[in-house]
Amino acid sequence: MATIATTVTPALATPSLCTTDFSLVPIGTGTTSYSQQIADIQRLVQQSGLKYQMHSTGTTVEGPWDQVLQVIGFAHTLVHQAGIARIQTDVRVTTRTDKAQPMEGNVASVERILATG
(Lines give C-alpha, C1' and ligand atoms only; values in the text may rest on other atoms or scores of the structure.)
Protein backbone atom coordinates (compact mmCIF):
# COMPACT_ATOMS: atom_id res chain seq x y z
CA MET A 1 0.00 0.00 0.00
CA ALA A 2 1.36 3.43 -0.91
CA THR A 3 1.73 6.05 1.78
CA ILE A 4 1.26 9.77 1.47
CA ALA A 5 4.12 11.94 2.64
CA THR A 6 3.42 13.75 5.90
CA THR A 7 4.79 16.99 4.49
CA VAL A 8 2.26 18.54 2.15
CA THR A 9 3.81 20.28 -0.81
CA PRO A 10 2.00 23.11 -2.59
CA ALA A 11 1.35 20.75 -5.51
CA LEU A 12 -0.63 18.52 -3.13
CA ALA A 13 -2.45 21.19 -1.11
CA THR A 14 -6.24 21.34 -1.28
CA PRO A 15 -7.75 24.19 -3.29
CA SER A 16 -8.28 27.30 -1.21
CA LEU A 17 -11.94 27.87 -2.15
CA CYS A 18 -14.69 25.66 -3.48
CA THR A 19 -18.38 25.63 -4.23
CA THR A 20 -19.87 22.34 -3.12
CA ASP A 21 -23.32 20.93 -3.63
CA PHE A 22 -24.31 18.10 -1.31
CA SER A 23 -27.36 16.04 -0.51
CA LEU A 24 -27.58 13.62 2.43
CA VAL A 25 -30.03 10.75 2.08
CA PRO A 26 -30.85 8.76 5.21
CA ILE A 27 -31.24 5.06 4.41
CA GLY A 28 -33.44 2.54 6.21
CA THR A 29 -35.51 4.99 8.23
CA GLY A 30 -38.91 3.50 7.42
CA THR A 31 -40.22 6.86 6.20
CA THR A 32 -39.99 8.84 2.99
CA SER A 33 -39.79 12.17 4.81
CA TYR A 34 -36.65 13.54 6.38
CA SER A 35 -37.56 17.22 6.60
CA GLN A 36 -36.49 17.34 10.25
CA GLN A 37 -32.99 16.16 9.38
CA ILE A 38 -32.77 18.68 6.55
CA ALA A 39 -33.81 21.47 8.93
CA ASP A 40 -31.15 20.33 11.42
CA ILE A 41 -28.51 20.35 8.67
CA GLN A 42 -29.59 23.83 7.55
CA ARG A 43 -29.15 25.13 11.11
CA LEU A 44 -25.69 23.55 11.21
CA VAL A 45 -24.67 25.10 7.90
CA GLN A 46 -26.03 28.48 9.00
CA GLN A 47 -24.00 28.30 12.22
CA SER A 48 -20.84 27.49 10.22
CA GLY A 49 -20.73 31.05 8.89
CA LEU A 50 -20.14 29.78 5.35
CA LYS A 51 -22.13 31.11 2.43
CA TYR A 52 -24.86 28.62 1.49
CA GLN A 53 -28.10 28.17 -0.40
CA MET A 54 -30.61 25.39 0.18
CA HIS A 55 -32.46 24.15 -2.90
CA SER A 56 -35.02 21.44 -3.58
CA THR A 57 -32.55 18.55 -3.70
CA GLY A 58 -29.68 19.66 -1.47
CA THR A 59 -27.53 22.52 -0.30
CA THR A 60 -24.77 24.49 -2.00
CA VAL A 61 -21.99 25.70 0.30
CA GLU A 62 -19.16 28.05 -0.64
CA GLY A 63 -15.93 28.59 1.25
CA PRO A 64 -12.54 27.15 2.10
CA TRP A 65 -12.22 23.52 1.03
CA ASP A 66 -11.38 22.19 4.50
CA GLN A 67 -14.25 24.05 6.19
CA VAL A 68 -16.83 23.04 3.59
CA LEU A 69 -15.91 19.37 3.78
CA GLN A 70 -15.82 19.54 7.58
CA VAL A 71 -19.40 20.88 7.62
CA ILE A 72 -20.51 17.95 5.45
CA GLY A 73 -18.83 15.59 7.93
CA PHE A 74 -20.56 17.36 10.82
CA ALA A 75 -23.87 16.94 8.98
CA HIS A 76 -23.27 13.20 8.84
CA THR A 77 -22.55 13.09 12.56
CA LEU A 78 -25.64 15.17 13.31
CA VAL A 79 -27.91 12.81 11.36
CA HIS A 80 -26.27 9.73 12.89
CA GLN A 81 -26.84 11.22 16.36
CA ALA A 82 -30.54 11.46 15.47
CA GLY A 83 -30.57 7.67 15.31
CA ILE A 84 -30.11 7.11 11.59
CA ALA A 85 -27.55 4.35 11.12
CA ARG A 86 -26.82 4.77 7.41
CA ILE A 87 -26.49 7.82 5.16
CA GLN A 88 -25.59 8.15 1.51
CA THR A 89 -24.34 11.53 0.36
CA ASP A 90 -23.90 12.90 -3.12
CA VAL A 91 -21.24 15.62 -3.30
CA ARG A 92 -20.26 17.77 -6.28
CA VAL A 93 -17.30 20.12 -5.82
CA THR A 94 -16.31 22.97 -8.12
CA THR A 95 -13.01 24.82 -7.93
CA ARG A 96 -11.57 27.50 -10.21
CA THR A 97 -8.10 28.91 -10.59
CA ASP A 98 -8.75 31.29 -13.50
CA LYS A 99 -11.09 33.68 -11.69
CA ALA A 100 -13.20 34.14 -8.60
CA GLN A 101 -16.83 33.32 -9.30
CA PRO A 102 -19.22 33.11 -6.37
CA MET A 103 -22.09 30.64 -6.64
CA GLU A 104 -24.52 33.40 -7.65
CA GLY A 105 -22.26 34.15 -10.62
CA ASN A 106 -23.01 30.79 -12.22
CA VAL A 107 -26.75 31.46 -12.15
CA ALA A 108 -26.39 35.09 -13.22
CA SER A 109 -24.35 34.07 -16.27
CA VAL A 110 -27.12 31.77 -17.53
CA GLU A 111 -29.84 34.31 -16.67
CA ARG A 112 -28.04 36.94 -18.82
CA ILE A 113 -28.06 34.54 -21.76
CA LEU A 114 -31.76 33.75 -21.25
CA ALA A 115 -32.62 37.45 -21.06
CA THR A 116 -31.06 38.15 -24.47
CA GLY A 117 -33.27 35.62 -26.14
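Two strands count as paired if DSSP finds at least two bridges between them. Strands are DSSP runs of E with at least two residues, helices are runs of H or I with at least four, and both are numbered from the N terminus. With that in place, in β3 the bridge partner of C18 is G63.

Some housekeeping before the rest. This is a predicted model, in which local features need pLDDT of at least 70 and side-chain atom pairs count only at pLDDT 80 or more, while totals for chains, interfaces and linings use all residues. Residues are numbered from 1 along each chain as its sequence is written, and side-chain values use heavy atoms, with hydrogens and water left out.

Now the sheet. The sheet is open and has 4 strands, in the order β2-β3-β1-β4, with antiparallel pairing. At the edges are β2, residues 51-55, and β4, residues 86-94; each has a single partner strand, so one side of each lacks a neighbour in the sheet. From one strand to the next, the twist averages 20°. For angles, axes are lines fitted to C-alpha atoms, for helices over the stretch in contact, and the values run from 0 to 180 degrees between N-to-C directions.

Going through the pairs: β1 and β4 are antiparallel, with 9 bridges. One of the residue pairs there is S23 with its bridge partner D90 in β4. β1 also pairs with β3, antiparallel again, over 6 bridges. Between β2 and β3 there are 5 bridges, and these two strands run antiparallel. A hairpin through 2 residues connects β2 to β3. Across that pair, M54 is opposite T59 in β3, and K51 is opposite E62 in β3.

How many of the residues of β3 are buried? Buried here means under 20% relative accessible area, exposed means over 50%, and partly exposed is in between, using a 1.4 Å probe and protein chains only. For β3 it is 6 of the 7 residues, so the strand is largely enclosed by the rest of the structure.

Next, the helices against the sheet. Contact, from here on, means heavy atoms within 4.5 Å. Helix α1 lies across β1, β2 and β3, and runs at about 165° to β2. Helix α3, residues 103-115, lies across β1, β2 and β3 as well, but at about 55° to β2.

On to the core. A nonpolar core is a set of buried Ala, Val, Leu, Ile, Met, Phe, Trp, Tyr and Cys residues joined through side-chain atoms within 4.5 Å. The largest one has 15 residues, and F22, L24 and I41 touch the most other members. Two or more residues each come from β1, α1 (35-48) and α2 (65-81). The largest share is that of α2, with 5 residues. Beyond its neighbours within four places in sequence, F22 contacts a list of residues including I41, V45, V61, I72 and A75. As background, nonpolar side chains tend to be buried together in soluble globular proteins.

D21 is in strand β1, which spans residues 17-27, and it counts as buried because its relative accessibility is 17%. A polar contact is a pair of N or O atoms within 3.5 Å; within protein, one must be able to donate a hydrogen and the other to accept it, and residues adjacent in sequence count only if both atoms are side-chain atoms. The D21 side chain makes one with the side chain of H55, at 2.5 Å. Not counting residues up to four places away in sequence, D21 touches H55, T59, T60, D90, V91 and R92.

S23 is in strand β1 and is buried at 17% relative accessibility. A polar atom of the S23 side chain lies 3.0 Å from the backbone oxygen of T57. Leaving aside neighbours within four places in sequence, S23 contacts T57, G58, Q88, T89 and D90.

S109, in helix α3, is partly exposed, with 27% relative accessibility. S109 and L69 are 40 residues apart along the chain, and their C-alpha atoms are separated by 26 Å.
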